[in-house]
Amino acid sequence: MKAEGLRVRMGQLSKAFDRRMSKVISEAYCVLPFYWLNVVRRSVGEGTRNVLDVGCGSGDPMAYIKITRNLYAVGTDGYLAWLSQCRHRGVHNEVVLADVKHLPIREKSFDTVVCLDVLEYLEKPEGDELITALEAIAR
């Protein structure tokens, strides 16, 4: 019984350590100017009020961007579990279940469109079509 109690306590300490280290690492990345999320965050223009996050996944990049910006964010993804996680975490103001090949978004409806880690999963013609669609959605 003692060993089991020790194993449980070690698991709790490990989780607490992981959370603390995650926060430390996140804070460290905030000061690295060429960390990819900082590059994305700086690319979201100062006049941006709303952002469409295409292929939002778990929402981590948008959560990072919103650390310093008050933005209205809409996340789209084809995987319902990711959207549920985004909604639960409060990362996106709205979420939309959609395939990137058929986005149900009006043209010129967002100040900025973010699409991270999506294009590499598409064939070139599909990727070109997506880029054209994203350009049409952005103001």
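## Close-up views of a predicted model

The accessible surface of the chain comes to about 9300 Å², of which 57% belongs to carbon and sulfur atoms. The model is predicted.

**Figure 1. Overview of the chain, with its five helices and four strands.** From the N terminus on, the order of elements is α-α-β-α-β-α-β-β-α. The chain has 139 residues, and 35% of them are buried. Of the contacts between residues at least 6 apart in sequence, 54% join residues at least 24 apart.

**Figure 2. Threonine 48 in the loop between helix H2 and strand E1.** Helix H2 covers residues 36-43 and strand E1 covers residues 50-54. Threonine 48 has a relative accessibility of 9% and therefore counts as buried, the limit for buried being under 20%. A polar atom of the threonine 48 side chain lies 3.0 Å from the backbone oxygen of glycine 45. Leaving aside residues up to four places away in sequence, threonine 48 touches Arg69, Leu71, Asp111 and Thr112.

**Figure 3. The buried residues of helix H2.** These residues are Leu37, Asn38, Val40 and Arg41. They lie on the same side of H2, because the arc they cover around the axis is only 160°. In an α-helix there are 3.6 residues a turn, so residues three or four places apart point the same way.

**Figure 4. Cysteine 86 and the closest cysteine sulfur, that of cysteine 56.** Which distance separates the sulfur of cysteine 86 from the sulfur of cysteine 56? The separation is 4.1 Å, which is too far for a bond. A disulfide is a covalent bond between the sulfur atoms of two cysteines. The cut-off applied here is 2.5 Å between cysteine sulfur atoms, and the count of disulfides comes to zero. Cysteine 86 has a relative accessible area of 0%, so this residue is buried. Another cysteine, cysteine 115, is partly exposed because its relative accessibility is 21%.

**Figure 5. The aromatic pair of tyrosine 79 and tryptophan 82.** The count of aromatic pairs comes to one. In this pair, tyrosine 79 and tryptophan 82 are 6.1 Å apart, centre to centre, with 70° between the planes. The arrangement is edge-to-face, since planes over 60 degrees apart are classed that way.

**Figure 6. Lysine 108 in the loop between strands E3 and E4.** Strand E3 covers residues 94-97 and strand E4 covers residues 112-115. Lysine 108 is not a glycine, although its phi is positive, at about 55°. With 52% relative accessibility, lysine 108 counts as exposed, the limit for exposed being over 50%.

**Figure 7. Aspartate 117 in the loop between E4 and helix H5.** Helix H5 covers residues 124-137. Aspartate 117 is a residue other than glycine, and its phi is positive, near 55°. The relative accessible area of aspartate 117 is 55%, so this residue is exposed.

Technical notes
Residues numbered from 1 in each chain as written. Predicted model: local features only at pLDDT ≥ 70, side-chain atom pairs only at ≥ 80, totals over all residues. Heavy atoms only, no water. Helix = DSSP H or I, 4+ residues; strand = E, 2+ residues; numbered from the N terminus. Buried < 20%, exposed > 50% of the residue type's maximum accessible area, 1.4 Å probe, protein only. Polar contact = N/O pair within 3.5 Å; in protein donor to acceptor, adjacent residues only side chain to side chain. Contact = heavy atoms within 4.5 Å. Areas by Shrake-Rupley, 256 points an atom, 1.4 Å probe, with all protein chains shown as cover. Phe/Tyr/Trp six-rings, centres within 6.5 Å; stacked < 30°, edge-to-face > 60°. Arc of directions from axis to C-beta.
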